[in-house]
Structure formats: structure tokens, C-alpha cells
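Here is a short briefing to read with the model open beside you.

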Amino acid sequence: MSLPESNNNNDHLIHSSDSQHPANLIPELCRKFWTLGWVTGTGGGTSIRADDLVYLAPSGVQKELMKPEDIYVLELSKQVDPKSRIYLRSPPSLKPSQCTPLFIAAFTKRNAGCCIHTHSQWAVLITLLLERAPNTKIFEINNIEQIKGFGKGFGKVGNLGYHDTLRIPVIENTPFEEDLTESLEQAMDGYPDTCAVLVRRHGVYVWGETVHKAKTQCESLDYLFQLAIEMKKLDLPWLSNIKPVA
């Protein structure tokens with residue numbers, strides 16, 4: 001649920017000639033993600049935080065056709081109830097994304113600058129494969145070069161190494177997206193070093209300190225998910241014991 005905005009719709013917040021302005025960058029990113037099959041059929045979304053302002057893609061919009069005028073804006077510090085948001089700027093005739101409270105969780109609990117939600121088929125398939133192992137609620141993989149694309153964890157310096165194990169928790173899906181918020185926050189608490197959370201039979205949420213880091217980690221994850229699917233076809237383990245070369 002969202003509260004009505006004031007008569008002043010603050011359209012100046014989404015008008016900028018700077019290509020890196022969040023209102024310009026979110027549509028550009030969503031067009032790229034659409035070509036990757038991550039936001040097909042209006043699914044998925046992206047949010048960027050600039051200090052206390054949070055810019056959000058709307059609900060129900062074809063992501064490859066999104067414009068800056070479609071972007072919602074809110075003040076992070078003014079949000080008391082994550083399910084009753086107060087918007088500084090709301091586009092006419094559109095609805096706020098149900099992903100919003102999950103994006104806010106990434107911003108408040110991890111100080112993220114960007115959070116990306118995709119409906120990647122590879123992410124969904126990984127969660128389906130994990131269903132075969134009862135009580136398995138985490139994706140783990142190691143000894144793969146692409147793991148270097150991930151930071152060591154919130155508040156830690158540097159990236160993971162080739163021999164490190166990447167761990168991504170899995171939460172169960174719900175009929176309404178915003179109802180995932182509590183489970184997402186619990187996963188973040190249980191795995192404080194994770195930069196992502198998989199949602200069973202749904203997709204993945206990925207965040208980073210900056211847009212660049214969030215995008216890099218999202219692309220790296222999708223690569224690893226696809227690789228893991230192919231490894232499973234060949235009966236290759238996701239976890240291996242490879243000793244470092246001296």
C-alpha cells in the first residue's frame with residue numbers, strides 16, 4: 001500500500017541530462033536486462049539509491065519501453081512502515097512495484113546503492129534443482145574463476161578468490177511479492193556476507209554498494225547459475241576440493 005503524494009509531484013527529481021542520473025539509468029539498465037531475458041513480461045525491476053533518495057521502476061510496465069517519467073521516488077529516511085510507503089514523486093496511471101520493501105531492505109540493512117531483481121530462468125532452475133535435496137536452502141559453488149566478481153561481504157574489503165565458496169541463500173516464494181520481505185531480511189541476517197537471495201521458483205535479488213557492483217554481481221551470478229545447470233547435466237559437482245597451486 002502507498003500513501004497519496006502531495007499536489008507537487010516533484011517531476012524535477014526525474015529530469016536530468018546526466019546519463020548516470022538514476023531516472024535515466026534505471027530505464028537503460030532495464031532495457032539491457034530485457035535483452036538478457038531477466039525482466040520478461042514486466043517482471044523484475046531495479047532500484048537505485050542516491051543518498052536519501054530512492055528511485056524505483058514501476059509495476060506492470062514493459063521494461064524495454066520504460067522512460068524516466070515512469071520512475072517513482074521516495075525518501076528512505078521517511079519510510080516508517082515498509083508496506084505503507086510515502087512517495088515524493090509518483091508517475092500518473094502507474095502502480096508502485098511490490099518489490100519496493102525488498103529493495104528498501106537492501107538499502108537499510110546493507111547500505112546498498114543499487115538492488116536488482118530478475119526473473120532469470122537460470123536462477124529459477126537452480127532453485128528447482130535444490131528442491132531435489134530436502135532441506136537445502138542454499139546454493140554453493142567454488143573453484144570457478146567468475147567467483148572473483150563478488151565482494152567478500154558487507155563491510156569487508158576485497159573480493160572473493162578462485163578457491164573461495166560462494167553461498168547464496170534460498171527463500172520460499174509467496175503469492176504477493178512484498179510478503180517476501182521478512183524472509184529476505186532473515187536470509188540477510190543468516191548469511192551476512194551474501195550479496196543476493198534466491199526466491200524459489202521465482203528469481204533472484206542482487207544488491208551492491210554501487211550500480212556498477214550490483215550489475216557486475218548480477219551478471220556474474222547469472223553466469224554461475226547457467227554454468228551450474230550445465231555442470232549438473234554432466235554430473236559435475238558444484239563443490240570440489242582443488243588444492244592451490246604453489
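Is asparagine 143 buried or exposed? Asparagine 143 counts as buried, because its relative accessibility of 7% is under the 20% that marks the limit. Please keep in mind that this is a predicted model.

**Two asparagines with positive phi**

- Asparagine 143 sits in the loop that runs between strand 7 (138-142) and strand 8 (165-171).
- The phi angle of asparagine 143 is near 55 degrees, a positive value in a residue other than glycine.
- Asparagine 111 also deserves a look: its phi is near 55 degrees, again positive in a residue other than glycine.
- You will find asparagine 111 in the loop between helix 2 (100-110) and strand 6 (114-118), just after helix 2.
- Asparagine 111 is partly exposed, because its relative accessible area of 46% falls between the 20% limit for buried and the 50% limit for exposed.

- Helix 2 is mostly covered, with nine of its 11 residues buried.
- The buried residues of helix 2 are Thr100, Pro101, Leu102, Phe103, Ile104, Ala105, Ala106, Phe107 and Arg110.
- Proline 101, a residue of helix 2, has a relative accessibility of 1% and counts as buried.
- Serine 17 is 84 residues from proline 101 in sequence, and their C-alpha atoms are 29 Å apart in space.
- Threonine 181 belongs to helix 4 (residues 181-190) and is buried, with a relative accessible area of 8%.
- Leaving aside residues up to four places away in sequence, threonine 181 touches Pro101 and Leu102, both of them among the buried residues of helix 2.

**Histidine 117 in strand 6**

- Histidine 117 is part of strand 6, and at 1% relative accessibility it counts as buried.
- What does histidine 117 touch, not counting residues up to four places away in sequence? The list is Val39, Gly44, Gly45, Cys99, Phe103, Glu177, His202, Val204 and Tyr205.
- One of these contacts, Phe103, is a buried residue of helix 2.
- Glycine 203 is 86 residues away from histidine 117 along the chain, yet their C-alpha atoms are separated by 7.3 Å.

**An exposed proline**

- Proline 134 is located in the loop between helix 3 (121-131) and strand 7.
- With 65% relative accessibility, proline 134 counts as exposed.
- The C-alpha atoms of proline 134 and glutamate 182 are separated by 22 Å, and the two residues are 48 apart along the chain.

**Helix 1 against helix 5**

- Helix 1 (residues 22-35) packs with helix 5 at an angle of about 10 degrees, and the two axes are 13 Å apart.
- The two helices are therefore roughly parallel to each other, since angles under 35 degrees count that way.
- Leu25, Leu29 and Lys32 of helix 1 make the contact with Val211, Lys215 and Glu219 of helix 5.
- By class, the residues of this contact are three nonpolar, no polar and three charged.
- As background, an α-helix has 3.6 residues a turn, so residues three or four places apart point the same way.

**The largest pocket**

- The largest pocket holds about 480 Å³ of space.
- Its lining has 24 residues, and those nearest the centre are Gly151, Gly153, Glu209, Lys213 and Gln217.
- Strand 10 (203-208) and helix 5 (211-233) are the elements that give two or more residues to this lining.
- Which element gives the most to the lining of the largest pocket? Helix 5 does, with four residues.
- The lining of the largest pocket divides into six nonpolar, 12 polar and six charged residues.

**The second largest pocket**

- About 230 Å³ of space lies in the second largest pocket.
- This pocket is lined by 14 residues, with Lys152, Thr165, Arg167, Asp193 and Thr194 nearest its centre.
- Seven nonpolar, three polar and four charged residues make up the lining of the second largest pocket.

How values were computed. Residues numbered from 1 in each chain as written. Predicted model: local features only at pLDDT ≥ 70, side-chain atom pairs only at ≥ 80, totals over all residues. Heavy atoms only, no water. 1 Å grid on protein atoms, 1.4 Å probe; cavity = no way out; pocket = protein on both sides within 12 Å on 5 of 7 lines; lining within 4 Å. Points joined across faces, edges and corners; volume = space filled by probe spheres on them. Nonpolar A, V, L, I, M, F, W, Y, C, P; charged D, E, K, R; others polar. Buried < 20%, exposed > 50% of the residue type's maximum accessible area, 1.4 Å probe, protein only. Axes fitted to C-alpha atoms, helices over the stretch in contact; angles between N-to-C directions. Parallel < 35°, antiparallel > 145°, perpendicular 65-115°, else oblique. Contact = heavy atoms within 4.5 Å.
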